[in-house]
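Trainee: I am new to this structure. Could you show me how to read its features, one step at a time?
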Amino acid sequence: MRKFHFLVQATTFVVGVAVWESVVSEGYVDPLFLPAPSRILLSLVGIGPATFTALYDTLLKTLISFSIGSVAGVAIGIVVGSRSLLHEVIHPYLFGLYSIPRMIFLPLIVLFLGIGFNSTIFYAVLHTILPVIIVVVGGVRNIDRRQVLYAISLGATSRQIYSKVIIPAALPSILAALRLGIIFSLLGVLIAEMYLSLSGIGFLMQRLSFAFKSADLFAVTILVALLAIVISAVLGEISKKIEERR
Amino acid sequence: MRLKIFTYQLLILGFIIMLWESSSKAVPKVFLASPTDVFPLLIYVWLESDIYPHLYTTGFEILLSFGLATACGLLLGFILGTWRLLRNAYEPILSALYAVPSVVWYPLLLLFLGLDIASKVAFAFILSFFPIALTTIQGVSQVDKVLVKAAYSMGASKLTVFYKVVLPASLPIILSGISTGLALCVTGVIVGEMLGGIRGLGVLIASAATLFETGHYFVYTIIVIVIALLVNQISKLFERLSWRS
């Protein structure tokens with residue numbers, strides 16, 4: 001059974017690529033828009049140091065905004081989730097803010113921080129922090145209240161309640177939030193780069209698109225998509241390991 | 001208790017507006033338009049300017065992409081959810097693609113489909129298709145197999161089993177996916193328009209910002225916020241529907 005579905009995946013891939021290749025080489029579509037897979041592979045192999053520099057730039061910004069956004073988001077999430085009144089007051093604002101397309105605030109951020117590194121980081125942190133807060137709040141709210149009550153009745157201090165009860169119990173959702181967070185900060189950095197047109201892989205992609213370099217654009221897109229898939233898979237494995245250990 | 005919460009919420013809102021008003025006095029007008037400037041301008045824009053074609057375009061893009069994503073997502077979700085082999089083969093691919101930051105696809109879509117509405121519809125479609133398809137797969141495959149077998153053994157046809165057993169049992173999860181998809185459609189359309197477009201609210205926001213028309217930028221932003229919150233209420237309605245059933 002297991003082998004069988006690999007067979008289906010492989011067949012789909014091969015047939016898909018073959019149809020694509022033949023459609024292009026038979027001239028049904030303009031290779032200016034849709035390049036053949038062989039041409040994309042050529043671009044993929046020929047990716048130069050400029051692309052890698054841009055990719056490094058983007059990843060660095062992602063890492064910085066992820067660190068800020070996830071630490072702050074987890075902290076805020078734990079506090080908001082564990083205080084009933086605070087949660088009741090603030091959660092309509094959080095959900096409201098979460099449901100607004102955050103990109104509309106990007107021009108305002110640019111007005112204040114200028115085009116460049118600062119506004120990219122600020123926007124990506126904003127992009128990261130909200131989903132992290134919401135997932136962590138959900139996790140903390142789902143903790144069995146009795147556990148906290150027992151701890152209180154056994155004389156635990158508030159600090160002990162957080163470090164020994166709430167945080168361990170909410171760990172799965174914190175890990176899930178971090179996994180979501182890194183993808184959201186990459187998304188935020190890419191959006192900012194595409195909008196600001198200054199540096200990084202997002203800017204490079206936007207430029208390739210406007211220059212109609214479709215094969216190169218395909219290659220870079222595949223590269224970034226694969227990278228995101230790998231990052232999320234690795235984080236998934238790590239959090240699985242951590243949860244198994246407990 | 002409710003009154004107390006409500007009072008605090010109003011206080012926060014008042015505080016935000018006061019902070020906005022006072023900080024807009026402190027910085028040049030280009031940076032921040034004050035509320036006392038923005039609200040008259042909002043009324044002016046609403047009554048006097050030619051915002052309607054843009055509103056219409058954005059609304060059309062949202063509805064079209066949401067409709068397409070729901071139709072395709074449900075169809076694929078039901079097929080993969082009921083067909084075990086296909087699900088094992090394709091679900092990992094779908095969830096891997098879902099982990100890719102969506103905006104990665106946008107330059108390609110711009111290149112394929114141009115600056116007009118097609119690229120926005122396609123982008124918003126990609127954003128909302130994945131959650132709808134994935135939750136449908138999840139919803140259909142968690143239906144109790146005993147129920148399905150029981151229905152078959154009592155002589156129900158495939159179609160009857162689908163309508164009477166599978167669909168009702170998986171509806172709550174599916175509706176939550178659809179509501180996520182709807183919210184993502186709005187984001188997709190606005191992001192797409194801001195990154196390059198001809199008509200629509202996102203285009204208005206981006207061009208007002210580029211021209212340093214801060215007042216107009218605030219007005220369009222408020223309109224988008226109102227639309228997003230309205231859509232959010234509608235998607236909450238979806239989820240409430242699922243609770244009833």
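This is a predicted model: local features need pLDDT of at least 70, side-chain atom pairs count only at pLDDT 80 or more; totals for chains, interfaces and linings use all residues.

Trainee: Into which domains is chain B divided?

Mentor: Domain 1 of chain B covers 1–32, and domain 2 covers 33–244. Taken over C-alpha atoms, the centres of domain 1 and domain 2 of chain B are separated by 31 Å.

Trainee: How many residues of domain 1 of chain B are in contact with domain 2 of chain B?

Mentor: Nine residues of domain 1 of chain B are in contact with six residues of domain 2 of chain B. On the domain 1 side, five of the residues are nonpolar, one is polar and three are charged.

Trainee: Now chain A, please. What does its secondary structure come to?

Mentor: Chain A has eleven helices and zero strands. Its pattern along the sequence reads α-α-α-α-α-α-α-α-α-α-α.

Trainee: What is the radius of gyration of chain A, and what would a compact globule of 246 residues have?

Mentor: Chain A has 23 Å, whereas a compact globule of 246 residues would have a value near 18 Å. Along the principal axes, the C-alpha atoms of chain A fill a box of roughly 75 × 55 × 30 Å. Buried residues make up 38% of the 246 residues in chain A. Among the contacts in chain A with a separation of 6 or more, 75% are between residues 24 or more positions apart.

Trainee: How are two packed helices described?

Mentor: By the angle between their axes and the distance between those axes. Here is a case: in chain A, the axes of helix α3 (residues 49–82) and helix α6 (residues 117–141) come within 7 Å and cross at roughly 35°. The crossing of α3(A) and α6(A) is right-handed. In the contact of these two helices, the residues divide into 17 nonpolar, nine polar and two charged.

Trainee: Last topic: how many residues does the contact take from chain A and from chain B?

Mentor: The contact takes 39 residues from chain A and 38 residues from chain B. On the chain B side, the elements giving two or more residues are α1 (2–26), α4 (84–98), α5 (106–113), α8 (158–195), α9 (201–210) and α10 (214–244).

Trainee: And how do the residues on that side of chain B divide?

Mentor: Into 32 nonpolar, six polar and no charged residues, on the side of chain B that touches chain A.

How values were computed. Residues are numbered from 1 along each chain as its sequence is written. Chains are lettered from A and ligands numbered from 1 in the order in which they are written. Two residues are in contact if their C-beta atoms, placed from the backbone, lie within 7 Å. Helices (H or I, at least four residues) and strands (E, at least two) are DSSP runs, numbered from the N terminus. Ala, Val, Leu, Ile, Met, Phe, Trp, Tyr, Cys and Pro count as nonpolar, Asp, Glu, Lys and Arg as charged, and the others, Gly among them, as polar. Axes are lines fitted to C-alpha atoms, for helices over the stretch in contact, and angles run from 0 to 180 degrees between N-to-C directions. A crossing is left-handed if the near helix is turned anticlockwise from the far one by less than a right angle, and right-handed if clockwise. The radius of gyration is taken over C-alpha atoms; the globule rule is 2.2 Å times the number of residues to the power 0.38. A residue is buried if 20 or more other C-beta atoms lie within 10 Å of its own, exposed if 12 or fewer, and partly exposed in between; C-beta atoms are placed from the backbone. Domain bounds come from an automatic or database domain assignment.
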